[in-house]
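Here's a quick walk through a model, one stop at a time. Have the structure open as you read.

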Amino acid sequence: MQYNIPISQKDLKIENEKIEFEKRHDELYENHPDLLCSVDIYGIITDCNGSYAKNLGYTKEEIIGQSIFKYVSNISKELIVNEFNQWSATLKKSTNVEIWIERKDGTIFPVLFNTINIIYNNSVVGQTIFLRDISEMNKLKKQIEEQTKKRLLVVGELSARLAHDLRNPLSVLKNTIPLIQLKNPILYENTSSDFIRMEHAITRMAHQVDEVLSYVKQKPVNLEKIFLSTLLKFTIERLKIPDKIQLKFPQKDYEIFCDLEKMEVVFINLIINATQAMEERGSISIAAYDEKEWINIEFSDTGPGIPPELLERIFEPLFTTKQIGTGLGLVSCKNIIENHKGTITVKGTEKSGTTFLIKLPKKVDLANTLQ
Ligand SMILES: Nc1ncnc2c1ncn2[C@@H]1O[C@H](COP(=O)(O)OP(=O)(O)OP(=O)(O)O)[C@@H](O)[C@H]1O
Ligand SMILES: [Mg+2]
């Protein structure tokens, strides 16, 4: 004999609320503007929303039961497999991973990949994947980049002309100071602190002018074979290294292909940046080693390091955190190194201090570079 156990008013209310909640959840899932799908722990799709099916050009029936990897373009497959394996091991959600998705017709589009865990009876049984189509955003970003490039070109031309015209009067001012000192020693002595201030101001202006000029006049590189030690010697001769800065040189010497003058500009910029970051007290280590087809040169300092949120911006033209910086130093370095078919990057700054890594090809395709 079966008895119907009466449901209390309270239980009924809870049950109704649960049904209502699930209904709202289903509606939200279905009508979410992102492409949503749910997968089990093996990456098999158990559900997806209309937006997912529509954007990929399949029906829901075709999608459910398939592996999530099926819809990822080949260019992002490795990345997404790694991401999934990491999730399997740690259950950590993915945040804003940029990947490419492939539609049924073979076309691909970029998305941001985010996940949250699906929990049932206190265990993770899968994840809900949110894909945000960023094709429009990328197009817009590209347009803005193009516009900025065009604007910078105009600004560049104007600044080049200005910088060029300022160079001569500046050297006149600079050369006049020793002349005054010679012609009128008493005046110089009485007002020497003013003259020193003037000299500093002129040096600062000359630096700005030089930076602008070396950034805007990008001539083809004139390659020659030179020992790194010689190049470093020339560089140091052109710099005034503060007393409290210790310089450490590479233990091994290498011959490199480079444009001597331009590579000096790079080294000078990196050493000055390091000196400024350390507030003229600390050490700069220069290391060199070869790695496959590259000669690697590292400049490490014991300064405060670069905050992660600024790392992406330091190679942008005009980006500076200094009151009297032009923000053209690192972008000039990057242009010069890229013209040598090399790369310049910041190595992980997990400890304090910053390390810039320059990779120069051992063999440079001369014809290619000089065209
Ligand atoms: N070694 C370093 N340690 C810490 N921050 C650095 C280091 N090198 C560069 N930076 C950061 O990168 C920014 C950009 O450097 P960049 O050389 O392009 O311009 P700048 O040094 O500010 O100006 P300029 O080179 O014209 O004097 C700096 O303002 C600084 O914030
Ligand atoms: Mg600088």
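## A salt bridge to start with

Let's begin with one pair: the side chains of Arg132 and Asp34 form a salt bridge, with N to O at 3.0 Å. (A salt bridge here is a side-chain nitrogen of Lys or Arg within 4 Å of a carboxyl oxygen of Asp or Glu.) The two partners are 98 residues apart and tie together distant parts of the chain: Arg132 sits in strand β5 (residues 123-133), Asp34 in the loop between α1 (9-31) and β1 (35-40). Across the whole structure, the search turns up 16 salt bridges.

## What you're looking at

This is a predicted model, where local features need pLDDT of at least 70, side-chain atom pairs count only at pLDDT 80 or more, and totals for chains, interfaces and linings use all residues. Residues are numbered from 1 along each chain as its sequence is written, chains are lettered from A and ligands numbered from 1 in the order in which they are written, and side-chain values use heavy atoms, leaving out hydrogens and water.

## Overall build

The chain has twelve helices and twelve strands. (These are DSSP runs numbered from the N terminus: H or I of at least four residues for helices, E of at least two for strands.) Its radius of gyration is 31 Å, well over the 21 Å that the globule rule gives for 371 residues, so the chain is more spread out than a compact globule. (The radius is taken over C-alpha atoms, and the rule is 2.2 Å times the number of residues to the power 0.38.) Along the principal axes, the C-alpha trace spans about 120 × 50 × 45 Å.

An automatic or database assignment sets the domain bounds: domain 1 is 18-133, domain 2 is 138-216 and domain 3 is 224-370. Seven residues of domain 2 are in contact (heavy atoms within 4.5 Å) with twelve of domain 3. How much area is buried between domain 2 and domain 3? About 840 Å², with 63% from carbon and sulfur atoms. (Buried area is the accessible area, 1.4 Å probe, that two parts lose on being put together, summed over both.) In domain 2, Gln208, Glu211 and Tyr215 lose the most area to domain 3, together 58% of what that side buries.

Helix α7 (residues 192-216) gives the most to domain 2's side, with six residues.

Lys219 lies in the loop between α7 and β6 (224-227). Beyond its neighbours within four places in sequence, Lys219 is in contact with Lys262 and Asn339.
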